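Visitor: I would like a close look at a single part of this model, please. Could you take me through it in one go?

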Amino acid sequence: MKNNWWKIVAVLFIFYAIIAGFLLKVPELNILHESIRNLYFHVTMWFGMIIILLVSLIYSIKYLSGFNIEHDIVASEAANVGILFGLLGISTGSVWANFTWGDWWVNDAKLNGAAITLLFYFAYVILRNSLDEEHKRAKVSAIYNIFAYVLLIVFLLILPRMTDSLHPGNGGNPGFGKYDLDSNMRIVFYPAVIGWTLLGVWLMSLGVRLKKIALKSNE
């Protein structure tokens, strides 16, 4: 039990974020209105995705430095969870866009960048599945994964700040943290980030465990 405390924290924080996210008072803002509650889900899932994909990047680099196949397994499973969070984040973002911008998808630098980023990671999965030899697959995937994360940073965090964007904090717009994320929202937002991230680590660890069992059974 003492080694699983973080799993309990993950479950508690996510339940807290869901309940408090729908019940606590939020700022009265033009255009956003009650839809700002989606901040607790859409943005926090994206935070979780970026952190989990960073774990994938780190383990890809660790694989290339020592060619330990278990590092490749962690990198692969972290990427799978990151893709899942990316799909959830882009889905909740699309719902939010429909309420605030009047369409499920608009021509916005960050939205387009998010879609391109997910396509790069879909390609990562396809690339892995196209290679049979274990270490060749691990090497090629690790190198690709490094480029994929660099492109994630470019398309999600750099380009939207340099071009016109409807997203807060991008294209010259003020960020949530500066004006709209008041104290009531912070007490839900940060636990939600921690909760989703820990859930991602949990899912990743389950995938790693299954892959290691399969690896040993094939030896």
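What volume does the second largest pocket have?

Guide: Happy to. This is a predicted model, in which local features need pLDDT of at least 70 and side-chain atom pairs count only at pLDDT 80 or more, while totals for chains, interfaces and linings use all residues. Residues are numbered from 1 along each chain as its sequence is written, and side-chain values use heavy atoms, with hydrogens and water left out.

The second largest pocket has a volume of about 320 Å³. Here a pocket is an open set of points on a 1 Å grid over the protein atoms alone, where a 1.4 Å probe fits, with protein on both sides within 12 Å along at least five of seven lines; lining residues have an atom within 4 Å of a point. The volume is the space filled by probe spheres set on the points, which are joined across faces, edges and corners.

The lining has 14 residues, and D72, I73, R128, R137 and K211 lie nearest the centre. Two or more residues each come from α3, α4, α5 (134-162) and α7, helices being DSSP runs of H or I with at least four residues, numbered from the N terminus. Helix α3 gives the largest share, 5 residues. By class, the lining has 5 nonpolar, 4 polar and 5 charged residues; Ala, Val, Leu, Ile, Met, Phe, Trp, Tyr, Cys and Pro count as nonpolar, Asp, Glu, Lys and Arg as charged, and the others, Gly among them, as polar.

Some of the residues just named also form salt bridges (a side-chain nitrogen of Lys or Arg within 4 Å of a carboxyl oxygen of Asp or Glu). R128 pairs with D72, their closest N and O atoms 2.9 Å apart. Because R128 lies in helix α4 (residues 109-130) and D72 in helix α3, this bridge ties together parts that are 56 residues apart in sequence. Both R128 and D72 are buried, that is, under 20% relative accessible area with a 1.4 Å probe and protein chains only, where exposed is over 50% and partly exposed lies in between.

K211 forms a salt bridge with E77, with 2.6 Å between the closest N and O atoms. K211 sits in helix α7 and E77 in helix α3, so the pair ties together parts 134 residues apart in sequence. K211 is partly exposed, at 34% relative accessible area, whereas E77 is buried, at 10%.
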